[in-house]
Amino acid sequence: MKIILILFLALSLHANIKQDMFNLYQNKKYEKVCRMGFDNFNKNSRDEEFISLYAFACLNSDYIDRLAIPVAMLKFSKESRSNSAYFSVILMQKKLLYHALQDNYDLSTLKLPTTDYILSKVFDLYSKLKINEPRAFYLFEDENDKKLTYKLYLSKDENVKKMVIEEFYDTITIKRHVYW
Amino acid sequence: MLNTRDLEQRWLRYKIKFYIPHFIIFISIIIISVIILTFFNSDKKDIKKLPEEINKTQIETQTNKEITIKTPKVALIKKSIEVKSIDYNESLVITPKIQEKEPSNISNNSLKLAPSLDFMKNMQHAHLPYYKEEPIIENQSVSAIVEETQKPEPLEKIQEAVVAEEEIKKIRIKRRDASKDIRDIIKRFKKNNNPALSLFVAKKYYELGEYHKAYNYALITNQINRDIDESWIIFTKSLVKLKQKKMAIKTLNEYLKSSHSSSAKILLDEIISGKFK
């Protein structure tokens, strides 16, 4: 009887993970939600709501590479497919921008969909530049708000070069995104 | 004299009866564990199958649509680089040669994808029925809190009432749908006094254009926790909407002295410049 009770308890805890993640997401603890989603992904891999929540949390905490599996898994509802396309565009733009910065790959001929995500904005601004000599950093002005600027550069880490996007509002740093 | 045979038989029956419940429990545990293990294993298999599926789809698209993507790590795609007929609208070909020929064509007409967050509404509704048992009228519950925390002067009330009436006329349909959710969240807030819930209510009221209520709930949130950035932002935004621009600027300035929040600074600039009305 004790074992059965323990089993029921384990099952109820399992059901609570999604709710806990949702509550944390509402409190903007995106990194924690992403980590929880990653740890419990196998148990909830058929739940598209769970996968979407996990993906949005990872997106908001700049873990872009973790979107690869949700992109492949989200396919059963119209909303999931829409989100899958949204994530895949961001993932592709990240990879292309990283490739362009490292290897001076020309993005000016590409015509890709865009999104409201910071990486897409910077990608669009960067792709408008033609092939040129690599610079130490790139400064872009937001098309809608002149006070908002984005600084794009590669930071040299020990093992891998990281792509950094800094958001400035009137010379004040708002946010720093690091991708690699 | 003792009948040993009969005693032995009785002893055997007793032993069998003694072990039957243990045996049943043991079998049921094995069945349950087998079911659980197969369930989790099937999930793992699905994930393991993913790369294979992705490769399959890559090959299929290669043969059907002639899509070539030049990436150094994918060996499969290298074969199909020699594509003769290219329809730029249908297939995207990323090769160095084409890059040289095609002019820069990044225009503002590019398609914009937006995330769909409707699933979160479903999740929210799924958690809320727990509080559906108590049918309390919204106005009563809200007015109790409003009386406690209301700060603006009576003169402002008249202005706010006029603003509120106008807003209600505009978004009547939306308000009916959201009011249930808000009512449930207010109940939850009353139970646990969580500032995240009162902030959510403040945000919802602000979205619905009920700035007076948004102001009140933002104020409650600030009283519980003074360090929530968004709460101050909703608070000042509501003040601006309630035609209390000076008070909003004063509040934000006071807040910025202690927090140095960038979003608060942005909002302050927007209010001063008249961008935010």
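Reply: Chain A has six helices and five strands. Please keep in mind from the start that this is a predicted model. Reading from the N terminus, the elements of chain A follow the order α-α-α-α-α-β-α-β-β-β-β. Chain A has 180 residues, and 29% of them count as buried. If you take the contacts in chain A between residues at least 6 apart in sequence, 42% of these join residues at least 24 apart.

Now for a closer look, beginning with a pair of helices. Helix α5 of chain A spans residues 78-103, and helix α6 of chain A spans residues 118-127. Their axes come within 10 Å and cross at roughly 45°, and therefore α5(A) and α6(A) are oblique to each other. The crossing in which α5(A) passes α6(A) is left-handed. On the α5(A) side, the contact is made by Ile90(A), Gln93(A), Lys94(A), Leu97(A) and Ala100(A). Across from them, α6(A) brings Leu119(A), Ser120(A), Phe123(A) and Tyr126(A). Sorted by class, the residues of this contact between α5(A) and α6(A) are six nonpolar, two polar and one charged.

Start with Asp20(A), which has its place in helix α1 of chain A, residues 2-26. Asp20(A) has 14 other C-beta atoms within 10 Å, so it is partly exposed. Met36(A) is 16 residues from Asp20(A) along the chain, and the C-alpha atoms of the two are separated by 9.3 Å.

The other residue is Arg176(A), found in strand β5 of chain A, which covers residues 172-179. Arg176(A) counts as exposed because 11 other C-beta atoms lie within 10 Å. Leaving aside residues up to four places away in sequence, Arg176(A) touches Val164(A) and Glu166(A). Lys151(A) is 25 residues apart from Arg176(A) in sequence, and from C-alpha to C-alpha the two are 9.4 Å apart in space.

Next, the surroundings. Chain B has a crossing of its own, made by helix α7 of chain B (residues 195-208) and α9(B). Their axes come within 10 Å and cross at roughly 30°, and α7(B) passes α9(B) in a left-handed crossing. Here Leu199(B), Ala202(B), Lys203(B) and Tyr206(B) of α7(B) meet Glu230(B), Ser231(B), Ile234(B), Lys237(B) and Ser238(B) of α9(B). That contact of α7(B) with α9(B) has four nonpolar, two polar and three charged residues.

The model scores ipTM 0.74 and pTM 0.49. In chain B the mean pLDDT is 67, and 55% of the residues reach 70 or more. The pLDDT is below 50 over residues 48-107 of chain B, a stretch with 44 contacts in the model beyond near neighbours in sequence. It also stays under 50 over residues 128-153 of chain B, where the model has 22 contacts beyond four places in sequence. Where pLDDT is low, the predicted coordinates should not be read in detail.

Definitions and conventions
Residues are numbered from 1 along each chain as its sequence is written. Chains are lettered from A and ligands numbered from 1 in the order in which they are written. This is a predicted model: local features need pLDDT of at least 70, side-chain atom pairs count only at pLDDT 80 or more; totals for chains, interfaces and linings use all residues. Axes are lines fitted to C-alpha atoms, for helices over the stretch in contact, and angles run from 0 to 180 degrees between N-to-C directions. Helices (H or I, at least four residues) and strands (E, at least two) are DSSP runs, numbered from the N terminus. Angles under 35 degrees count as roughly parallel, over 145 as roughly antiparallel, 65 to 115 as roughly perpendicular and the rest as oblique. A crossing is left-handed if the near helix is turned anticlockwise from the far one by less than a right angle, and right-handed if clockwise. Two residues are in contact if their C-beta atoms, placed from the backbone, lie within 7 Å. Ala, Val, Leu, Ile, Met, Phe, Trp, Tyr, Cys and Pro count as nonpolar, Asp, Glu, Lys and Arg as charged, and the others, Gly among them, as polar. pLDDT is the predictor's confidence in each residue, from 0 to 100. A residue is buried if 20 or more other C-beta atoms lie within 10 Å of its own, exposed if 12 or fewer, and partly exposed in between; C-beta atoms are placed from the backbone.
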